[in-house]
Amino acid sequence: MLKFLFYFQKQMQQPIINVENVKKSFRTVKAVQGISLTIAPGEFVAILGPNGAGKTTLVEMIEGIQKPDEGEILIKGMPWKGNEHKLNRILGISLQETWFIEKLTVFETLRLFASFYRLDKDRALEIMHIVELQEKKNAYTKNLSGGQRQRLALGISLLNYPELLLLDEPTTGLDPNARHDIWEILHKLKDEKNTSLVLTTHYMEEAEFLCDRIVIVDKGKVLAMGTMEELLAQCSFNEIIEIGFEEEPGIRLHLLPGVLNVRKNTKPNLFALDVTRITQTLPVLLKELEERNVEVQTLICRKPTLDDLFISLTGRHLNA
Ligand SMILES: Nc1ncnc2c1ncn2[C@@H]1O[C@H](COP(=O)(O)OP(=O)(O)OP(=O)(O)O)[C@@H](O)[C@H]1O
Ligand SMILES: [Mg+2]
């Protein structure tokens, strides 16, 4: 009994994913430059970063699709080499782009993928319900909307009852409703099946809403990781004042003290500053605005977001 408990405890403690100083280059591009990451069973982790940050490369190395140049990846303590069969049974994956066979229906597609795992049509039906595609059972995959395609891709990744789901941008390009549908399905898996999840995303709200922990990557490196609270605690500012102008005010805003970012290609042009510096910034700003006859359109005080943290770390917006 004691031996069993000890074994059980050890299994519980073992990370589902262990990534140790992994590197990957494509000719001159250093796509992943030494990333380490540990993910616990049942944990939901978001890899958040801009285009070209190395998210897909990292996730595909975890999925065993790409081989790291250096470093080690263990899934449930096992390396890919020699454990392909076991690991493929644990994993459910959905790639950044999924191509379906156009002349198969939704149900036929699910049955086909189910057959790869020696699962029968009942499982295909069950999945169709989970991802709510019953109405599209007999629709050809080429006639599905973007959101329905993403749900079908998710359904395929769920067929083999995966302990670990790896989803590369599962909601990119979807409208908010379709995105929320996918979030709901994933939430249920966490609550009911204790599934572990790694997803890549460009959307801060997706990372925040769905995941226990967020890993912010840029240029192949981890810039910051932690819970939302831990990440925001890394911001040197607690409150932000955001001022909007209808037109570009023609002031060199970025030179003013306490300025966090200036966003010119939005309507209104937005300008954010650290609230603790307003005594220095506002008098100068107001004087300049008055001299130029520029009207302030909006003025709000808000909490920092992950985008503000990203700007403070890199000088760029997450979704520039
Ligand atoms: N097969 C490849 N051959 C050459 N370069 C590649 C290859 N795959 C990725 N890269 C490069 O590696 C870098 C990281 O790419 P990756 O696809 O991992 O980024 P990403 O964070 O997933 O970006 P996105 O958000 O656009 O999907 C990019 O500069 C990309 O051009
Ligand atoms: Mg990608």
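1. Let's start with a pair in one helix. Glu126 and Arg123 join their side chains in a salt bridge, 3.3 Å from N to O; the term stands for a side-chain nitrogen of Lys or Arg within 4 Å of a carboxyl oxygen of Asp or Glu. Both belong to helix α5 (residues 121–130), and because they are three residues apart, about one helical turn separates them. An α-helix has 3.6 residues a turn, so residues three or four places apart point the same way. Glu126 is partly exposed at a relative accessible area of 39%, whereas Arg123, at 6%, is buried. Here buried means under 20% relative accessible area, exposed means over 50%, and partly exposed is in between (1.4 Å probe, protein chains only).

2. A word on the ground rules. This is a predicted model, in which local features need pLDDT of at least 70 and side-chain atom pairs count only at pLDDT 80 or more, while totals for chains, interfaces and linings use all residues. Residues are numbered from 1 along each chain as its sequence is written, chains are lettered from A and ligands numbered from 1 in the order in which they are written, and side-chain values use heavy atoms, with hydrogens and water left out.

3. Now the overall picture. The protein chain holds 11 helices and 13 strands, which are DSSP runs numbered from the N terminus (helices: H or I, at least four residues; strands: E, at least two). Its C-alpha trace spans about 75 × 50 × 45 Å along the principal axes. Of its 320 residues, 45% count as buried.

4. How many salt bridges does a search of the whole structure find? There are 12. One of them pairs Asp69 with Lys24, at 4.0 Å from N to O. Asp69 is in the loop between α2 and β4 (70–75) and Lys24 is in strand β1 (residues 17–26), so this contact ties together parts 45 residues apart in sequence. Lys24 is buried at 12% relative accessibility, while Asp69 is partly exposed at 47%.

5. Lys190 and Asp212 make another salt bridge, with their closest N and O atoms 2.8 Å apart. Distant parts of the chain are linked by this pair: Lys190 sits in helix α7 and Asp212 in the loop between α8 (204–210) and β8 (213–218), 22 residues apart. Lys190 counts as buried, with a relative accessible area of 18%, and Asp212 as partly exposed, with 32%. Elsewhere, Glu242, Arg302 and Asp308 are linked in a network of salt bridges.

6. The C-alpha atom of Ile182 is 44 Å from that of Leu282, which is 100 residues away along the chain. Glu184 also lies in α7 (residues 176–193), but Glu184 is exposed at 56%.

7. The rest of α2 is mostly covered, with seven of its eight residues buried; among them are Lys55, Leu58 and Met61. After α2 comes Gly64, with a positive phi near 80°. Ile65, in the loop between α2 and β4, is partly exposed at 45%.

8. Finally, the surface. Ile65, Ile93 and Leu95 make a nonpolar patch of about 220 Å², the area coming from the Shrake-Rupley method with a 1.4 Å probe, where for residues only the protein chains shown count as cover. Patches are made of residues with over 30% relative accessible area and no salt bridge, joining like charges within 9 Å and nonpolar side chains (Val, Leu, Ile, Met, Phe, Trp, Tyr) within 5 Å. Glu132, Asp175, Asp181 and Glu184 form a negative patch.

Conventions
Lys and Arg count as positive and Asp and Glu as negative; His and the chain ends are not counted. The place of a charge is taken as NZ of Lys, CZ of Arg, CG of Asp or CD of Glu.
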